[in-house]
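Keep the 3D view open and follow along.

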Amino acid sequence: MKDRIKIGLVGVGKIARDQHIPAIDGHPGFELIACADPNARIAGIAHYQSLEAMLDAEPDLAAVSLCAPPQVRFSQACVALAAGKHVLLEKPPGASVAEVAVLAEVARERACSLFTSWHSRHAPGVKSARAWLANKELVTVMVRWKEDVRLWHPGQDWIWQPGGLGVFDPGINALSIVTRILPRPFFLKAADLYTPSNKHNPIAANLDFRDDRSTPIRAEFDWRHGDEEIWEVEVTTTVGVLRLAQGGKHLQIDGKSWDLGEEREYSSLYERFAELISDGASEVDFSPLQHVADAMLLGTRYSTAPFFH
């Protein structure tokens, strides 16, 4: 791009520091000029207590990246779009499916780009997996997404509150991958949700999906797994078995590893965001969130031991 896009970051938490800030700094088309967070700040960057204060003080801002918890994302996005700013939404894009659909319409009315940024879809193995599966007949799909909540969300209460998703916060990454790579849409048939007796959201979940050809698609999510993460998708077809591991960083087909290059999920996100802004377009997909909403609606709930950080 000839002129760098001046961007502001809202929510300076772990994901912003680990991923968004390095990705923005490494992209020649963006310039991070401000951040908004009531508690945290970025050294050397203008800091504001709220998004509204940042927008008032920084008229040159063209875009904002929203990394605060999903419960407040809708109101923040509405403020940014009303101010004529392009908006990137960290996953999940909202606390409900309907509010994301509303944001898409608001962005269209304001002629702003809106990007629901499913970062796991930008893992290096996802594009190749999608291409290989495009003309295959599926037999079964198995998804395992298991990790330790204390490692990834230490002391964070918002994930257990309504809209915070619980174990679906990482599980939605798996759903974003399978909705991208499978050749046919699918829907939920049944779910078991395991919720600590002192929390609102599940700490584990087993989901059973089907497509229109009755292909069994199983997903198992668990936040009690321990230090060694399992982030894998295995697709058995009539001609071979595809396996994505480490969240899509590794791809094997019939046991043979593919050369995928380096992992650059968030760098790729900002490349796509820049393209959307340049093209005057939006990319809004809430299908992974729809599957979570369906699980909350259809799932059988089981109470488990209380959880303490």
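Helices (H or I, at least four residues) and strands (E, at least two) are runs assigned by DSSP and numbered from the N terminus. With those names in hand, we can say that Leu-165 sits in the loop between helix H6 (149–152) and H7. Please remember that this is a predicted model.

## The sheet of six strands

Let's start with an open sheet of 6 strands, whose order is E3-E2-E1-E4-E5-E6 and whose pairing is parallel. Strand E3 (46–48) and strand E6 (114–116) are its edges, and each of them pairs on one side only. From one strand to the next, the twist averages 25°.

As background, strands of a sheet pair through backbone hydrogen bonds, either parallel or antiparallel. Here, strand E1 (residues 5–10) and E2 run parallel and are joined by 6 bridges. You can find Ile-5 standing opposite Phe-30 in E2. E5 and E6 also pair in the parallel sense, over 3 bridges, and Leu-88 has Phe-115 in E6 as its bridge partner.

Is strand E2 largely enclosed or open? Of the 7 residues of strand E2 (residues 30–36), 6 are buried, so the strand is largely enclosed by the rest of the structure. Helix H3 lies across E1, strand E4 (63–66) and E5, and runs at about 160° to E5.

## The sheet of nine strands

Next comes an open sheet of 9 strands with mixed pairing, in the order E14-E13-E12-E11-E7-E10-E9-E8-E15. Its edge strands are strand E14 (256–257) and strand E15 (300–304), each pairing on one side only. Within this sheet, strand E7 (residues 138–146) pairs with strand E10 (residues 216–222) in the parallel sense over 6 bridges. Arg-144 has Glu-220 in E10 as its bridge partner.

Helix H5 (residues 126–133) touches E7, strand E11 (230–237), strand E12 (241–245) and strand E13 (250–253), and its direction makes about 165° with that of E12. Helix H7 (residues 168–181) touches E7, strand E8 (186–196), strand E9 (204–211), E10, E11 and E12, and its direction makes about 155° with that of E7.

Phe-221 belongs to strand E10. Why does Phe-221 count as buried? Its relative accessible area is 2%, and buried means under 20%. Leaving aside neighbours within four places in sequence, the contacts of Phe-221 include Val-143, Trp-145, Phe-168, Ala-174 and Leu-207.

Ser-176 has its place in helix H7. Leaving aside neighbours within four places in sequence, Ser-176 is in contact with Trp-118, Ser-120, Arg-121 and Pro-288. Ser-176 counts as buried too, at 1% relative accessibility.

## Backbone details

Most residues other than glycine have a negative phi, and most peptide bonds are trans. The peptide bond from Lys-91 to Pro-92 is cis, with omega near -15°, and Pro-92 is found in the loop between strand E5 (86–89) and helix H4 (97–110).

| Residue | Phi | Relative accessible area |
|---|---|---|
| Leu-165 | near 80° | 6%, buried |
| Gln-246 | near 50° | 47%, partly exposed |

## The largest pocket

Where is there empty space? Rolling a probe the size of a water molecule over the atoms shows where empty space is left. The largest pocket holds about 1000 Å³ of space. Its lining has 43 residues, and Lys-14, Ile-15, Lys-91, His-153 and Tyr-266 lie nearest its centre.

Which elements give two or more residues to this lining? They are helix H1 (14–25), helix H3 (73–82), H7 and helix H8 (265–279). H1 provides the largest share, 4 residues. Sorted by class, the lining has 18 nonpolar, 14 polar and 11 charged residues.

Technical notes: Residues numbered from 1 in each chain as written. Predicted model: local features only at pLDDT ≥ 70, side-chain atom pairs only at ≥ 80, totals over all residues. Heavy atoms only, no water. Pairing = 2+ DSSP bridges. Contact = heavy atoms within 4.5 Å. Axes fitted to C-alpha atoms, helices over the stretch in contact; angles between N-to-C directions. Buried < 20%, exposed > 50% of the residue type's maximum accessible area, 1.4 Å probe, protein only. 1 Å grid on protein atoms, 1.4 Å probe; cavity = no way out; pocket = protein on both sides within 12 Å on 5 of 7 lines; lining within 4 Å. Points joined across faces, edges and corners; volume = space filled by probe spheres on them. Nonpolar A, V, L, I, M, F, W, Y, C, P; charged D, E, K, R; others polar.
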